[in-house]
Amino acid sequence: MSLSAALLVLAVATLGTYFARSSLILLLADRTLPVGVERALTNVGPAVLAALTINLAVGSDGLGSIELAEGASILVASVVTVWKRSLIWTFVAGMATLWILSALT
Amino acid sequence: MTVTSADASDRTPIVDRQALADLLPVAVPAVPFGFVIGLAITESAMPAWVGWLTAPLVFAGAAQLAMITLAGSASVWAIITAVLVINTRHLMYSAALAPSFRQQPTWMRWFAPFLLVDQVFALASIQSHRSPLEFRRYYLTMAIALWLVWNTVVPLGMLIGPVVPEAWRLDYAPPIMFAGLTLFAVNKVPAGVAAIVGGFVSLMTVGLRDRLGIVVGAVVGVLAAALVEQAMANRATR
């Protein structure tokens with residue numbers, strides 16, 4: 001990635017993120033959003049995070065390219081997240097699974 | 001987590017200790033995530049100093065990680081789209097907190113949103129009982145503290161990253177952390193549908209160029225969740 005492209009991404013991401021955080025505080029402080037819009041916005045986070053997780057976990061070669069240790073690490077990390085509700089445990093459990101199974105296989 | 005409502009006075013210290021105490025349990029999980037981002041910066045196709053600037057300027061873990069990991073493998077516009085789509089949830093935070101800012105000075109209305117990340121929203125959203133001055137002290141104390149923590153752990157990850165052996169497989173830490181973040185974001189049935197459909201469609205479209213499968217998956221996931229919301233609303237009115 002070129003420096004100019006990286007700076008463009010950084011600038012747009014900075015301004016876009018600030019816009020998302022500030023726009024409704026600055027512009028709509030005394031109004032409310034339509035219920036349908038509010039509902040849709042609450043579902044954007046889980047949808048995009050799940051899509052990103054799968055895309056990063058699988059890579060561009062598809063499901064067949066994922067290793068047993070990688071798949072198991074995602075699975076164990078997910079179970080531990082639900083169980084412990086802590087990102088620290090998510091990280092520890094996922095990486096420990098990855099290391100152990102990578103060493104064994 | 002404790003909620004207090006002490007009276008404001010001229011003797012009130014600048015730092016709100018209750019805000020710091022409340023912040024601790026939600027800031028600790030951000031430490032390994034910030035560390036992973038620091039490591040990812042060292043392995044990214046993005047120039048390291050630009051990657052570092054994402055911490056103080058963008059200040060959004062998931063969006064930063066998307067930028068850093070997609071750099072080099074996706075087009076500029078695909079990266080920007082992914083970052084903006086990820087941060088769309090901040091619109092919701094902004095809408096929800098707007099009433100708490102009605103009596104805040106103009107500078108606060110402009111400055112505070114810069115620090116409005118997930119943890120800050122979670123704590124600020126339950127402080128509406130405070131006076132405007134108390135709310136301002138509380139918000140600024142915990143938000144600035146979290147910003148300082150974040151801007152300490154990300155550079156630490158960058159420093160230690162280059163000496164970490166490849167066998168440690170820290171390249172695979174981002175999807176593990178994203179899996180956890182996804183589950184944290186699922187708090188109701190439609191959100192679960194959004195995640196499942198979004199993930200499945202992303203898997204089916206993983207071969208699309210510039211990682212466009214992420215955006216396609218997210219859009220289809222949100223639409224599926226909207227349909228489920230509508231079906232649930234229709235059932236409730238019968």
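How many residues of chain A are in contact with chain B, and with how many residues of chain B? In this predicted model, 69 residues of chain A are in contact with 86 residues of chain B. Chain B is itself divided into domain 1 (17–171) and domain 2 (186–238). Both interfaces are described below.

**Chain A against chain B**

- The two chains bury about 6900 Å² between them, with 75% of that area on carbon and sulfur atoms.
- A:Arg21, A:Ile25 and A:Leu87 supply 12% of the area that chain A buries against chain B, more than any other three residues.
- Two salt bridges are found across the interface of chain A and chain B.
- A:Glu70 and B:Arg169 form a salt bridge through their side chains, at 2.7 Å from N to O.
- On the chain A side, helix 1 (3–27), helix 2 (35–58), helix 3 (68–84) and helix 4 (87–104) are the elements that give two or more residues.
- That side has 43 nonpolar, 18 polar and eight charged residues.

**Domain 1 against domain 2 of chain B**

- The centres of the two domains, taken over C-alpha atoms, are 25 Å apart.
- Seven residues of domain 1 are in contact with five residues of domain 2.
- About 500 Å² is buried between the domains, and carbon and sulfur atoms give 72% of it.
- Within domain 1, B:Leu70, B:Ser73 and B:Ala78 lose the most area to domain 2, together 48% of what that side buries.
- The count of salt bridges between these domains is zero, and zero residue pairs are in polar contact with both at pLDDT 80 or more.
- Helix 5 (residues 76–86) of chain B gives three residues to the domain 1 side, the largest share.
- By class, the domain 1 side has four nonpolar, three polar and no charged residues.

Technical notes. Residues are numbered from 1 along each chain as its sequence is written. Chains are lettered from A and ligands numbered from 1 in the order in which they are written. This is a predicted model: local features need pLDDT of at least 70, side-chain atom pairs count only at pLDDT 80 or more; totals for chains, interfaces and linings use all residues. Side-chain values use heavy atoms; hydrogens and water are left out. Contact means heavy atoms within 4.5 Å. Buried area is the accessible area (1.4 Å probe) that two parts lose on being put together, summed over both. A salt bridge is a side-chain nitrogen of Lys or Arg within 4 Å of a carboxyl oxygen of Asp or Glu. Helices (H or I, at least four residues) and strands (E, at least two) are DSSP runs, numbered from the N terminus. Ala, Val, Leu, Ile, Met, Phe, Trp, Tyr, Cys and Pro count as nonpolar, Asp, Glu, Lys and Arg as charged, and the others, Gly among them, as polar. Domain bounds come from an automatic or database domain assignment. A polar contact is a pair of N or O atoms within 3.5 Å; within protein, one must be able to donate a hydrogen and the other to accept it, and residues adjacent in sequence count only if both atoms are side-chain atoms.
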